[in-house]
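Then read on for a short tour, from the whole fold down to one helix.

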Amino acid sequence: MDDIAVYDLKGLNCPLPVLKAKKRLSGMTAGTRLWVGATDPPAVSDIPAFVGEAGHRLIESAAVAGGHRFLIERG
């Protein structure tokens, strides 16, 4: 898992975590994975909704100290 990119979006408020994740994923190859970290409470529902609508796959979602993290596989 060391080769999975990490994108720290902590401290950003809605809608920035989703918009920035969308932009980052658009530049990635299908099948690659990205860890996204966020502290914005709406991200808990917004990021999974975006992932599903965009055709990506949410591999993992977990609460962590100070926020939440998501493992997304680019569709």
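## Buried share and overall build

Of the 75 residues in the protein chain, 32% count as buried, where buried means under 20% relative accessible area, exposed over 50%, and partly exposed in between (1.4 Å probe, protein chains only). This is a predicted model, in which local features need pLDDT of at least 70 and side-chain atom pairs count only at pLDDT 80 or more, while totals for chains, interfaces and linings use all residues. Residues are numbered from 1 along each chain as its sequence is written, and side-chain values use heavy atoms, with hydrogens and water left out.

The chain holds two helices and four strands; helices (H or I, at least four residues) and strands (E, at least two) are DSSP runs, numbered from the N terminus. Starting at the N terminus, the order of elements is β-α-β-α-β-β. The radius of gyration, taken over C-alpha atoms, is 11 Å, close to the 11 Å from the globule rule (2.2 Å times the number of residues to the power 0.38), so the chain is as compact as a globular protein of its length. Along its principal axes, the C-alpha trace spans about 30 × 25 × 15 Å.

## The nonpolar core

A nonpolar core is a set of buried Ala, Val, Leu, Ile, Met, Phe, Trp, Tyr and Cys residues joined through side-chain atoms within 4.5 Å. The largest one here has 14 residues, and Leu25, Val36, Ile47, Phe50, Phe70 and Ile72 touch the most other members. At least two core residues come from each of helix 1 (16-26), strand 2 (33-38), helix 2 (43-54) and strand 4 (67-73). Helix 2 gives the most, with four residues.

Now zoom in on phenylalanine 50. Beyond its neighbours within four places in sequence, Phe50 is in contact (heavy atoms within 4.5 Å) with Val18, Ala21, Lys22, Leu25 and His56.

Which residues of helix 2 are buried? They are Ala43, Ile47, Phe50 and Val51. Seen down the helix axis, these buried residues fall within an arc of 100 degrees (using the directions from the axis to the C-beta atoms), so they line one face of helix 2. They pack against helix 1, strand 2, strand 3 (57-64) and strand 4. On the other side of helix 2, Gly52 and Glu53 are exposed.

What comes after helix 2? Glycine 55 follows, and its phi is positive, near 85 degrees.
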